[in-house]
2 protein chains.
Amino acid sequence: MKISRLSRLSGVSIPTIKFYVREQLLPAGIPTARNQAEYDTTHLTRLRLIRLLTGAGMMSLASVREVLAAVDSDQLPPPELVRVVNRALLAEHAGPPADREAYDSVAPGVDRMLQRLGWRVGRSGPERESLIQALAALRALGVPCVAEELAPYAEVAEKLATQSLDRATGSGDAVLLVARIVLFDVAFDIMRRMALQHRLAEVLGEPADPPQ
Amino acid sequence: MKISRLSRLSGVSIPTIKFYVREQLLPAGIPTARNQAEYDTTHLTRLRLIRLLTGAGMMSLASVREVLAAVDSDQLPPPELVRVVNRALLAEHAGPPADREAYDSVAPGVDRMLQRLGWRVGRSGPERESLIQALAALRALGVPCVAEELAPYAEVAEKLATQSLDRATGSGDAVLLVARIVLFDVAFDIMRRMALQHRLAEVLGEPADPPQ
């Protein structure tokens, strides 16, 4: 297909497609004439994956690049691929570092919680760091440490993780594995926000508007 | 305090502080001399809130503006403020629209699920739209509709929503309410990714590295 059709089917503009080719995220099409190239369904699938990562997954180009490199490597066992995606999704929450004082005051609570849970999350890993930063931001605003408030959710988080892993490693194809991990993550976020919206409508006593 | 100290305490660079002032997200300091102004702790709290929304909350400037306008309005009852934040967090997941065919094929499943749950999520609301888009992206990649797979998580989502609401409306201050909603949301995301990391380490049989 021509680039115009690829653009229409993928919902990605022609300049953006060309940008992805220049950035080597998308293979170039097969040249057919001067200024023309032929694309196929592998390009379409790739574009849909990129759009998924940058759109719903809100990943930066750097994270997209890492995920695509992992997808392209045929060597990675599924759990390793899941880890790359999981880390890429986590990276997007990084803000500027919290002030030192707030950081130091919340770190012990996070470590105590992780130790109690027995979670194998490396001391120097980005997961621990992200959680400390989030709680430090709250502390800097004057809210006391909430590591204790989070502990009750650990069980739910573990259950979700186990199912996520089962679901992902059940799909043989790397692209589908990545898509399922990202989209289940996003869909669950949306479910939480829907549920909150629903509870707010109840609290505010608004007339029901069920989708019919 | 001078802008240099404000920058140091907030972790926000001086050019970015000036940008926020120009964009009217942050009130200007009190002019003290040519090219000098005095800032106080209200500026610091405001900057920390903005940093939280753009950093951990990953909000666009447009969403930040909406949330700050809601914070500044003294008229809004807490549940309305929660709704503004909830919608702003949801907005960030929006990607380009899915192709029509995929959209149409997943929409009925989402509507059936919402109807079964009895969730008051408006038919034209952004929550329903976001979920359909996410599932349509999966469908476009060849994965069948997963609305059924999501249904079991509705209970968890409702529980989280109720607690989120209780926690938020318990804090009298609008800034703290917003901070708690955003950061609890982010912290739970991180918990899920930590749990997945932990399960991966188990599956891959890696040596335990408990934070000590």
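This is a predicted model: local features need pLDDT of at least 70, side-chain atom pairs count only at pLDDT 80 or more; totals for chains, interfaces and linings use all residues.
Let me start with Q24(A), which is exposed at a relative accessible area of 71%, where exposed means over 50%, buried under 20% and partly exposed in between, with a 1.4 Å probe and protein chains only. This residue sits in the loop between α2 (14-22) and β1 (30-33) of chain A, and although Q24(A) is not a glycine, its phi is positive, at about 60°. In chain B, Q24(B) lies in the loop between α2 (14-22) and β1 (30-33), has a positive phi near 60° and counts as exposed at 70% relative accessibility.

Residues are numbered from 1 along each chain as its sequence is written, chains are lettered from A in the order in which they are written, and side-chain values use heavy atoms, leaving out hydrogens and water.

Turning to the interface, 91 residues from chain B and 91 residues from chain A take part in the contact, contact meaning heavy atoms within 4.5 Å. The two chains bury about 9500 Å² between them, 66% of it on carbon and sulfur atoms; buried area is the accessible area (1.4 Å probe) lost on putting two parts together, summed over both.

Across this interface there are 6 salt bridges, each a side-chain nitrogen of Lys or Arg within 4 Å of a carboxyl oxygen of Asp or Glu. R192(A) forms a salt bridge with D189(B), their closest N and O atoms being 3.0 Å apart.

Key
Helices (H or I, at least four residues) and strands (E, at least two) are DSSP runs, numbered from the N terminus.
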